[in-house]
Amino acid sequence: MEPMPAPLYLTRSDPRRNMARFYALSLEPTLFGEVSLIRNWGRIGARGQIRCETFEQPEAAAAAFEHLQILKLRKGYLPKTAIHATANGTECDDVVYADD
């Protein structure tokens, strides 16, 4: 089994358009042997929105992580220091708060 990717924190800024966004991704093991893909996105400086998806297979979670990473890099997001996607204290409860 391959190791899980490190948490990823991406930002996209354009002062001319008043754009200052972040997008964070992380993979976290669950108590039941599954893996949760945690996504947190929004305006830099705000709490943002969170979506948590749980996968039975770690490989499927890693593939989803990498797919989202590629999509965001294509949209112009740039990597920053990797941090935990839920550093704001919100717990993952498999509830979708908003669509991305």
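**Basis of the model**

This is a predicted model, in which local features need pLDDT of at least 70, side-chain atom pairs count only at pLDDT 80 or more, and totals for chains, interfaces and linings use all residues. Residues are numbered from 1 along each chain as its sequence is written, and side-chain values use heavy atoms, with hydrogens and water left out.

**Overall layout**

The chain has one helix and five strands. Helices (H or I, at least four residues) and strands (E, at least two) are DSSP runs, numbered from the N terminus. Read from that end, the order is β-β-β-β-α-β.

Of the 100 residues in the chain, 36% are buried. Buried means under 20% relative accessible area, exposed means over 50%, and partly exposed lies in between (1.4 Å probe, protein chains only). The chain exposes about 6500 Å², and carbon and sulfur atoms supply 53% of that area. Accessible areas come from the Shrake-Rupley method with a 1.4 Å probe; for residues, only the protein chains shown count as cover.

Among contacts with a separation of 6 or more, 51% join residues 24 or more positions apart. A contact means heavy atoms within 4.5 Å.

**The sheet**

The five strands form an open sheet in the order β4-β3-β2-β1-β5, with antiparallel pairing. β4 (49-55) and β5 stand at the edges with a single partner strand each, so one side of each has no neighbour in the sheet. Two strands pair if DSSP finds at least two bridges between them.

| Strand pair | Sense | Bridges | Example of opposite residues |
|---|---|---|---|
| β1 and β2 | antiparallel | seven | Tyr9 and Ala24 |

β1 is largely enclosed by the rest of the structure, because five of its seven residues are buried. The hairpin of β1 and β2 has four residues between the strands. Asn18 is found in this loop between β1 and β2. Asn18 has a positive phi of about 55°, although it is not a glycine. Asn18 is also exposed, with a relative accessible area of 55%.

**The aromatic cluster**

A search of the whole structure finds three aromatic pairs. Rings of Phe, Tyr and Trp (its six-membered ring) pair if their centres lie within 6.5 Å; planes under 30 degrees apart count as stacked, over 60 as edge-to-face and the rest as tilted.

One of the pairs is Tyr23 with Trp41. Their ring centres are 6.2 Å apart and their planes at 25°, so this pair is stacked. Tyr23 lies in strand β2 (residues 19-29) and Trp41 in strand β3 (residues 35-43), so the pair ties together parts 18 residues apart in sequence. Tyr23 is buried, at a relative accessible area of 1%. Trp41 is buried too, at 9%.

Tyr23 also pairs with Tyr77. Here the ring centres are 6.3 Å apart and the planes at 65°, so the pair is edge-to-face. Tyr77 sits in the loop between α1 (58-74) and β5 (78-79) while Tyr23 lies in β2, so this pair ties together parts 54 residues apart in sequence. Both Tyr23 and Tyr77 are buried. Ring pairs link Tyr23, Trp41 and Tyr77 into a cluster.

**The nonpolar core**

In soluble globular proteins, nonpolar side chains tend to be buried together. A nonpolar core is a set of buried Ala, Val, Leu, Ile, Met, Phe, Trp, Tyr and Cys residues joined through side-chain atoms within 4.5 Å.

The largest such core here has 15 residues, of which Tyr23, Leu25, Leu27, Leu37 and Phe65 touch the most other members. The elements that give two or more residues to this core are β1 (8-14), β2, β3 and α1. The most come from α1, which gives five.

**Confidence**

The average pLDDT over the chain is 84, and 78% of the residues score at least 70. pLDDT is the predictor's confidence in each residue, from 0 to 100. Over residues 81-91 the pLDDT is below 50, and this stretch has 19 contacts in the model beyond near neighbours in sequence. Residues 93-100 stay under 50 as well, with 17 contacts beyond four places in sequence.
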